[in-house]
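My notes follow the order in which I checked them.

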Amino acid sequence: MATASLLRKLLVLLTFLWASEVRAVTLKSDEASPWTNEFETVELSCVIESISSRSPRIEWKKIKDGNPSYVFFHGRISGDLENRARLREPASLVIENASRTDSAQYRCEVTAPEDQRSFAELLINLVVRVRPVMPKCAVPAAVPVGKPAEFRCSEEEGFPRPKFQWFRNSEEIPIDPKTSPRFQNASYSMDTETGMLSFGAVRKEDEGVYFCRAKNEAGFSECGPQKMEVYDLNVAGIVLGVVVVVTVLALVTAGICCAYRRGYLSQQKQDNFKAPAKGDGVDYVRTEEEGDFRHKSSFII
């Protein structure tokens with residue numbers, strides 16, 4: 001008898017617990033962290049596992065930078081999802097033509113007045129991936145052999161932030177030159193996060209057509225090809241040119257000094273001397289002995 005009584009009490013307890021569980025609204029999601037590419041469609045899954053109320057109240061909120069805002073309230077889509085989202089029964093939210101601004105945390109809230117536990121919610125983190133646009137590239141046009149060179153590549157629109165790859169003559173340049181026989185003698189370093197390709201000492205073999213690719217999970221874009229020429233630095237020619245210029249300047253300076261000493265330039269200055277103009281009826285005559293001017297005795301009265 002004692003055993004039967006214990007079993008009856010245990011059955012009553014289990015029945016009570018089961019009834020309590022049934023009268024509690026519970027939710028689950030098929031995907032708590034969904035992602036989609038820009039301009040595509042994505043579903044935010046909110047599944048009602050158990051509920052007793054026949055007409056639960058369903059709401060969706062978007063939480064961006066810690067600030068919540070309604071996107072489904074009183075049976076209507078609102079906010080920045082208006083005209084491009086809908087509710088899929090019973091509680092999932094479908095977003096069409098997703099944009100980069102849709103990346104946020106979303107909260108599904110279900111209120112069931114007839115249930116013992118009348119409220120439940122779940123959070124979903126949505127990521128909208130954006131394909132990179134054409135990156136901006138900078139490749140030096142010409143570099144002498146043995147000199148350093150820097151290539152730059154940048155892109156600001158892609159999300160998540162893209163990584164960068166460099167190509168020479170349509171062949172991908174490895175991050176580590178030692179991993180490829182074609183590049184193992186090259187002296188460069190590559191930063192895939194910033195897009196910087198740096199050569200410590202350019203070789204003749206580094207000449208070619210270069211372009212950069214920005215790539216993330218949504219796709220990739222490339223900049224236009226740019227050619228870099230590598231030329232030999234003619235040290236002997238430069239030295240000879242400097243010597244010739246210095247020699248010419250020295251000869252010109254010596255010629256000017258010699259002309260001054262022989263009086264060519266001073267004689268030319270004397271020849272340019274002009275006699276004073278006549279005036280007041282007085283004639284001026286220069287004598288060879290005196291080397292100056294004196295009056296000629298001629299007056300007009």
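These entries cover the disulfides, then the cores, then the serine.

**Entry 1: disulfides.** I note at the outset that the model is predicted. I counted the disulfides and found three. Taking the bonded cysteines in sequence order, I wrote the pairing down as 1-2, 3-6, 4-5.

**Entry 2: cysteine 46 and cysteine 108.** I found their sulfur atoms 2.1 Å apart, in a disulfide. The link is left-handed, with -70 degrees about the S-S bond. I placed cysteine 46 in the loop between β3 and β4 (47-50) and cysteine 108 in strand β10, so this bond ties together parts that lie 62 residues apart in sequence. Cysteine 46 is buried, because its relative accessibility is 0%. Cysteine 108 is also at 0% and counts as buried.

**Entry 3: cysteine 137 and cysteine 223.** Here too I read a disulfide, with the sulfur atoms 2.1 Å apart. The torsion about the S-S bond is about -105 degrees, so I logged the disulfide as left-handed. Cysteine 137 sits in strand β12 (residues 136-138) and cysteine 223 in the loop between β20 (219-222) and β21 (226-231), so the pair ties parts 86 residues apart in sequence. I checked burial: cysteine 137 and cysteine 223 are both buried.

**Entry 4: cysteine 153 and cysteine 212.** Their sulfur atoms are 2.0 Å apart, and they form a disulfide. I noted -85 degrees about the S-S bond, a left-handed link. It joins distant parts of the chain: strand β14 (residues 149-154) holds cysteine 153, strand β19 (residues 208-216) holds cysteine 212, and the two are 59 residues apart. Cysteine 153 is buried at 3% relative accessible area, and cysteine 212 is buried at 0%.

**Entry 5: cores.** Which residues have the most contacts inside the largest nonpolar core? I found Leu27 and Trp60, in a core of 27 residues. Strands β3 (42-44), β5 (57-64), β6 (67-73), β9, β10 and β11 (119-129) each supply at least two of its residues. The largest share, five residues, comes from β11. Apart from this core lies another, of 24 residues, including Ala149, Cys153, Phe199 and Val202. Back at leucine 27, I listed its contacts beyond four places in sequence; among them are Cys46 and Cys108.

**Entry 6: serine 99.** I found serine 99 in the loop between β9 (92-95) and β10 (104-111). Is serine 99 buried or exposed? It counts as buried, because its relative accessibility of 18% is under the 20% cut-off. Its side chain makes a polar contact of 2.8 Å with that of threonine 101. Beyond four places in sequence, serine 99 is in contact with Glu38, Arg84 and Val128.

How values were computed: Residues numbered from 1 in each chain as written. Predicted model: local features only at pLDDT ≥ 70, side-chain atom pairs only at ≥ 80, totals over all residues. Heavy atoms only, no water. Helix = DSSP H or I, 4+ residues; strand = E, 2+ residues; numbered from the N terminus. Buried < 20%, exposed > 50% of the residue type's maximum accessible area, 1.4 Å probe, protein only. Polar contact = N/O pair within 3.5 Å; in protein donor to acceptor, adjacent residues only side chain to side chain. Contact = heavy atoms within 4.5 Å. Core = buried A, V, L, I, M, F, W, Y, C linked by side-chain atoms within 4.5 Å. Disulfide = S-S within 2.5 Å.
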